[in-house]
Amino acid sequence: MGGSAEANGGGASARVPVPPARPFLDTFRGNLKETFFPDDPFRSVVRERGAGRRTLAALRYFFPFLEWAPAYTLGAFKSDLIAGITIASLAIPQGISYAKLANLPPILGLYSSFVPPLVYALMGSSKDLAVGTVAVASLLIGSMLSSQVSPTENPALYMNLALTATFFAGVFQASLGLLRLGFIVDFLSHATIIGFMGGAATVVILQQLKGMLGLNHFTTATDIVSVMDSVFSQTHQWRWESVVLGCGFLFFLLVTRFISKRRPRLFWISAAAPLTSVILGSVLVYLTHAENHGIQVIGYLKKGLNPPSVTSLQFTPPYMMLALKTGIITGVIALAEGIAVGRSFAMYKNYNIDGNKEMIAIGTMNVVGSLTSCYLTTGPFSRSAVNYNAGCKTAMSNVIMSLAVMLTLLFLTPLFHYTPLVVLSAIIMSAMLGLIDYQGAIHLWHVDKVDFCVCLGAYLGVVFGSVEIGLVVAVAISVLRVLLFVARPRTTVLGNMPNSIIYRRLDQYAEAQTVPGVLVLRIDAPIYFTNASYLRERILRWINEEEERAKENGEMGVQYVVLDMGAVGSIDTSGTSMLDELKKILERRGMQIVLANPGSEIMKKLNSSKVLELIGHEWVFPTVGEAVASCDYVLHSHKPGAVRDSPAAHEDMV
């Protein structure tokens, strides 16, 4: 059965060449570049000639506004002006609401809608992202910090820790971008985000029952059991006034959202509804003196722009580690949301954003924000959707929104004195209902049950445990799935499509036929130490099953095992050792291993480890068709030495 190149008759068919050796440093440099700089971000800088032009190109990379600002037109400004005013009407009530959700003074929500958007407008690459506070990050900050520091008993320390956590989050985010480690965020899969966001939205909605029912005392825990216990153990303290007012405004907000979804051109109705609710609620409380009848109001809001907060940051024990942990976790979640939202709208408008550049921009705005009394911000979907629908052209819409918030801080904060907290609860609940993507979960169930389990695990972990537990559960399931795919790669049997030299999976193509005496296997993953032993055992099991089938049908047993290596992107020393062992095992059983379509990386490793010499270069083929044709020819010609023949003869054999 074996063969040698010397015994070949006719012209030899094409061999699979061993690529020329490259110096280790060149290979290492190439792999490093592909890992951290796959998009070659500095190509525009290198292309320029002269130090001055290169410096300007580098500045344009870090400050994208230098690209669009010189060509900015009056028409674009009109569109951005409308979009900026529209998102400001949403940002003001949301900022106040989300600050309360984080157990922070409401004024910090307005501060956080003033400085960070200005920084993002200078450094962000997305035209549609509208920057501001977000509910999930606010909930995370509130739940993680309040577990050790009470926001009511020690409000100053609590606020300082929130600012410190924001600082650490910004440093972490910017560092990921500068070190080109943006792929870390990709470990939060789509299924993870759906489950996590849905669970967080459910928890946020349950937390708002405090405001909707007019309760003064409420649990700081976020799990559903603790929240329900807190709600139903205080039934005697429920205020019907709050229930009626809250349900009325919640119904109003949901109706406006329904109208905007049915008629996208009327998006402004839903966008203006939160601010309209705040105005109507404030007027109603002022005229009826409802604050004297159990309706809680915001109270005094300090006028003026953001005060500096450099001296408020806590970099000393015992609370620094709490702020660091909170910052890293909330920073990852904020990055995942901001980059996902930015990429979604960039796809709609057919332009690209650099994920690492976005990390630098978001991280920088959070660092600057932490120094100016702002807490964590990113690009929320609801605000960005309004910005997109309002027709924004550039990041100038963020500047317009920031200026509108600035005017509010300077002149209009006293008007929010009578804003009822129950209206803020209704605003948060209506926004959170949009984050529960039940249709996405149903889609996951129909498409991929494992992804659905990841989604469900994240949701249940958040709802019945905590936000941190839900995140850990979801990431753990996702990583476990990746490890299983690596450790247990798929192997499939290929068969010949009639009247062709094409080979396809037998379990997918019913018309595909096996070639007597030849077993063709496809390996669908790189071969590493984690799966080498499994692949050896799985290949031997395929051989045994094929031998049994051939014996039952009275056919020729397996003489050749052809491994289709087209999907094997890389191999390590454990993988080469596995092929070495497999070759020896098959030899003892009177079989020959044949390789088809190995890549350059595989050929280099096999050649360096001497495995290629053991297998024999004459048993390595460019295609599966050629490999099977040669094996079939040897079997039927009864010429043990005739391994390779002319290409024309090969086509006739298949």
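A salt bridge here is a side-chain nitrogen of Lys or Arg within 4 Å of a carboxyl oxygen of Asp or Glu. The views show a predicted model, in which local features need pLDDT of at least 70 and side-chain atom pairs count only at pLDDT 80 or more, while totals for chains, interfaces and linings use all residues. Residues are numbered from 1 along each chain as its sequence is written, and side-chain values use heavy atoms, with hydrogens and water left out.

**View 1. The side chains of E241 and R239 meet in a salt bridge.**

**View 2. E581 forms a salt bridge with R536.** The closest N and O atoms lie 2.9 Å apart. This pair links distant parts of the chain, E581 in helix α24 (residues 573-588) and R536 in helix α23 (residues 532-552), 45 residues apart; helices are DSSP runs of H or I with at least four residues, and strands are runs of E with at least two, numbered from the N terminus.

**View 3. Strand β1 (residues 491-496) is mostly covered.** On one side T491, V493 and G495 are buried, and on the other T492, L494 and N496 are buried as well. Strand β1 pairs with strand β3 (residues 518-523) in the antiparallel sense over 4 bridges, where pairing requires that DSSP finds at least two bridges between two strands. In β3, R522 is the bridge partner of T492.

Technical notes: Buried < 20%, exposed > 50% of the residue type's maximum accessible area, 1.4 Å probe, protein only.
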